[in-house]
Amino acid sequence: MNRGENFESIPNDLILEIFSRLSSKSIGKCRCVSKLWRSMLLRPDFTELFLTRSASRPRLFFVLKRYNDWCFCSSPQPQNPYEKSLVVAVDYHTKFSKTRWPDFLGLTSGLIYLSIMETYMDRKRMICNPITGKYATLPKLMVNRINLFGFDPIDKQFKVLVMNNKVYNGTGINILTLGTGKMRWRKIRCPLSHKVCGEGICVNGVWYYLACKIDEEYYYVIDEESYVIVCFDVRSEKFKFIDAKCIGRDTTLINYKGKLGGIDWVERGNRELCMWVLEDVEKQKWSKYVYTLPEDEVLIDLDKYYVVGVTARGEVVLSRKCTREPFYVFFFNPERNTLQRVEIQGLGDDRRRFDIYTFVDHVEDLTFNVMKTEYGATSIERERKPTSTGAFASVNKFDALSLLDYDEFTGAEI
């Protein structure tokens, strides 16, 4: 019996089950093996199976700003809270390069929202799946400073909201629903006058962001130090205010087990974290928790670390805002009062430091059907050849788009 007959004797369901346990990088390689494998790995049922598997093994996701490049990579996220120290390596996926004034605008449900400046007055907004390398350009829209990218888990729709940093009663705000027949910006009205004061977060289909109220008659900010949380329901496209006297400008908004929360140091530089959780949206009831981080020989200079989020298991995650060697991410479990240190290898060396955004609970998804017109980033896997110059040579292209080498990989050229 030859190799082909052996393969055909295996039930399709079992084959797909085996493939679903592979990484996205391995899936990309397998798509290049044969037309049969490619067709199997592009089937919707396999994509759904892969997504289910990915949800059970979430990853840390990193957005690396390197010169004029945006590089997207990820690493395994620790699942065993009893291991005090771990070492993991990053997998590079895609990058956007040769851009003018690139601006990272957000990550929601596996898709990235970013923009580049084509000319002084012309900004291009884009949606990208970093795992598959697929990206799409949004219809052009002039001006506006604040960009929100949310996901409605009920209707399975992504929406982009663009507005000025000051919103007045009745102001028209631009909104775009991805995946609809004719892609166009619509205008919706906001009945709440406010000034946007901080970045937001999308939790279970609702966008939350920090704001100050604006006087309805004289159009000035009532109190720069008194904040509210603005809630935007992605599905109904309605706004509302939530009292947020407990939240400050330096507070990081988090998704705490499906609820809105906020975390801040009680005093910068000490080891205490203060966490507020919105227990009841209608009653606007908050709960307060204060935790002290366990001692760690590495986590000494706390001013260089910030809260990047909370995992689904309730672990508070700390990271730096720039790369350095060694680069650590810390997982603090309040219930067990444990601190787990994870060293992330492959983000660069100590001679070159780059800005980095860290995200938790990232789920890899092979789909990208948010736009009619899609483009594919070109990612090239390379291997070192024994040449005098030590250069890398291209040996294989694939459209699942994970990258092995940091300095030599290429991506979407825009």
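R57 lies over the face of F50, 5.9 Å from the ring centre; a charge is taken to sit over a ring if NZ of Lys or CZ of Arg is within 6 Å of the ring centre and within 35 degrees of the ring normal. This is a predicted model, in which local features need pLDDT of at least 70 and side-chain atom pairs count only at pLDDT 80 or more, while totals for chains, interfaces and linings use all residues. Residues are numbered from 1 along each chain as its sequence is written, and side-chain values use heavy atoms, with hydrogens and water left out.

I turn to the aromatic pairs. Rings of Phe, Tyr and Trp (its six-membered ring) pair if their centres lie within 6.5 Å; planes under 30 degrees apart are called stacked, those over 60 edge-to-face, and the rest tilted. The count under this rule is 16 aromatic pairs. One of them joins F19 and W37 edge-to-face, with 5.0 Å from centre to centre and 75 degrees between the planes. Because F19 belongs to helix 2 (residues 12–20) and W37 to helix 4 (residues 35–41), this pair ties together parts that are 18 residues apart in sequence. Helices (H or I, at least four residues) and strands (E, at least two) are DSSP runs numbered from the N terminus.

F19 is buried, at a relative accessible area of 6%. Here buried means under 20% relative accessible area, exposed over 50%, and partly exposed in between, using a 1.4 Å probe and protein chains only. Within helix 2, the residues I15, L16, F19 and S20 are buried. They cover an arc of only 135 degrees around the axis, which puts them on the same side of helix 2; the arc is that of the directions from the helix axis to the C-beta atoms. An α-helix has 3.6 residues a turn, so residues three or four places apart point the same way.

A salt bridge requires a side-chain nitrogen of Lys or Arg within 4 Å of a carboxyl oxygen of Asp or Glu, and the count is 15 salt bridges. E17 and R21 form one of these, at 3.1 Å from N to O. E17 is partly exposed at 22% relative accessibility, whereas R21 is exposed at 52%.

What does R59 form with D91? The two form a salt bridge, their closest N and O atoms being 3.2 Å apart. R59 lies in strand 1 and D91 in strand 4 (residues 91–97), so the pair ties together parts that are 32 residues apart in sequence. R59 is buried, with a relative accessible area of 13%, and D91 is partly exposed at 22%. A network of salt bridges links R59, D91 and E364.

Strand 1 itself (residues 59–66) is mostly covered, with 7 of its 8 residues buried. Two strands pair if DSSP finds at least two bridges between them. Strand 1 runs antiparallel to strand 26 (residues 355–362), joined by 6 bridges, and F61 stands opposite F359. F359 also belongs to an aromatic cluster with W70, F104 and Y357. Strand 1 is joined to strand 2 (residues 69–76), again antiparallel, by 8 bridges, and L64 has C71 as its bridge partner.

Finally, R341. This residue lies over the face of Y328, at 5.7 Å from the ring centre, and its side chain meets that of E297 in a salt bridge of 3.0 Å, N to O. R341 is buried at 12% relative accessibility, while E297 is exposed at 55%.
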